[in-house]
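Please look through the structure shown below before reading on. The report that follows describes its helices, its cores, its charged pairs and the confidence of the model.

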Amino acid sequence: LSTVEQVGALADQLSLIADELHQRVKAEIEQDRDRPPSATRQAALRALFDNELVLRQRANSLYADAAGLIVASLGKPQAHLAELTAAAAEKIRKIAVIKDITGLVAGVLALAGAAATGQPAPIILALEKIKHQLEALDAHKAKKPA
């Protein structure tokens, strides 16, 4: 379950199981149309219905959380990612010499590609590349005479 797709596939499977369970409960209720079900049977059908609801809730939670699982697995807070990308955007906007932008843009492109893979290691490497590029640009700017 290391990618959004895998988490989504599990959620799909849980939803399918819930659908099948719902159909089964409906069929069982239809069988009891002519006579009231026993207390034991009614409790069993109610338990199956409750299980269907739990499966749907868990599937919905997986769908909702799937996108966040990749970032959460990085061990880096989302705020850190937002700060680095905002700083990169600001540097790109303000850097006067075009050759100084090249490395930073390469880091941002690496981040975009890494995020699409769903793998934490390339995302972390891309974030580190952006961080180092920002530091290098700041150091380069500090060395220039005023």
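Which residues make up the largest nonpolar core? A nonpolar core is a set of buried Ala, Val, Leu, Ile, Met, Phe, Trp, Tyr and Cys residues joined through side-chain atoms within 4.5 Å, and buried means under 20% relative accessible area, while exposed means over 50% and partly exposed in between (1.4 Å probe, protein chains only). The largest such core has twelve residues, namely Leu81, Leu84, Ala88, Leu104, Leu111, Ala114, Ile123, Ala126, Leu127, Ile130, Leu134 and Leu137. The elements that each give two or more residues to this core are helix 3 (78-94), helix 4 (98-117) and helix 5 (120-143), and helix 5 supplies the largest share, six residues. Apart from this core lies another one, of six residues, including Ala11, Leu14, Ala18 and Ala59. In soluble globular proteins, nonpolar side chains tend to be buried together.

This is a predicted model, in which local features need pLDDT of at least 70 and side-chain atom pairs count only at pLDDT 80 or more, whereas totals for chains, interfaces and linings use all residues. Residues are numbered from 1 along each chain as its sequence is written, and side-chain values use heavy atoms, with hydrogens and water left out. The pLDDT is the predictor's confidence in each residue, from 0 to 100; the protein chain averages 77, and 77% of the residues score at least 70. Among the elements of the chain, helix 4 has the lowest mean pLDDT (71), and helix 5 has the highest (83).

**Overall build**

The protein chain holds five helices and zero strands, and its pattern along the sequence reads α-α-α-α-α. These elements are DSSP runs numbered from the N terminus, with helices (H or I) of at least four residues and strands (E) of at least two. Of the 146 residues in the chain, 24% count as buried. The chain exposes about 9700 Å², of which carbon and sulfur atoms supply 62%; accessible areas come from the Shrake-Rupley method with a 1.4 Å probe, and for residues only the protein chains shown count as cover. Contact means heavy atoms within 4.5 Å, and among the contacts in the protein chain with a separation of 6 or more, 68% are between residues 24 or more positions apart.

**Contacts of single residues**

Leu111, a member of the largest core, is in contact with Leu81, Thr85, Ile123, Ala126, Leu127 and Ile130 when its neighbours within four places in sequence are left aside. Ser15 is found in helix 1 (residues 4-31), and it counts as buried because its relative accessibility is 17%. Not counting residues up to four places away in sequence, Ser15 touches Arg56, Ala59 and Tyr63. Ile29 also has its place in helix 1, but this residue counts as partly exposed, at 46% relative accessibility. The C-alpha atoms of Ile29 and Gln42, which are 13 residues apart along the chain, are separated by 9.0 Å.

**Salt bridges**

Side chains of opposite charge can pair when their charged atoms come close. A salt bridge is here a side-chain nitrogen of Lys or Arg within 4 Å of a carboxyl oxygen of Asp or Glu, and the structure holds six of them. The table gives examples.

| Pair | Closest N and O atoms |
|---|---|
| Asp19 and Arg56 | 2.9 Å |
| Arg24 and Glu28 | 3.0 Å |
| Arg33 and Glu30 | 3.5 Å |

Asp19 counts as partly exposed because its relative accessibility is 36%, and Arg56 counts as partly exposed at 25%. Asp19, Glu52 and Arg56 are linked in a network of salt bridges.

Arg24 and Glu28 both lie in helix 1, four residues apart, which is about one turn of the helix. Is Glu28 buried or exposed? Glu28 is buried, since its relative accessible area is 10%, and it touches Arg41 and Leu45, not counting residues up to four places away in sequence.
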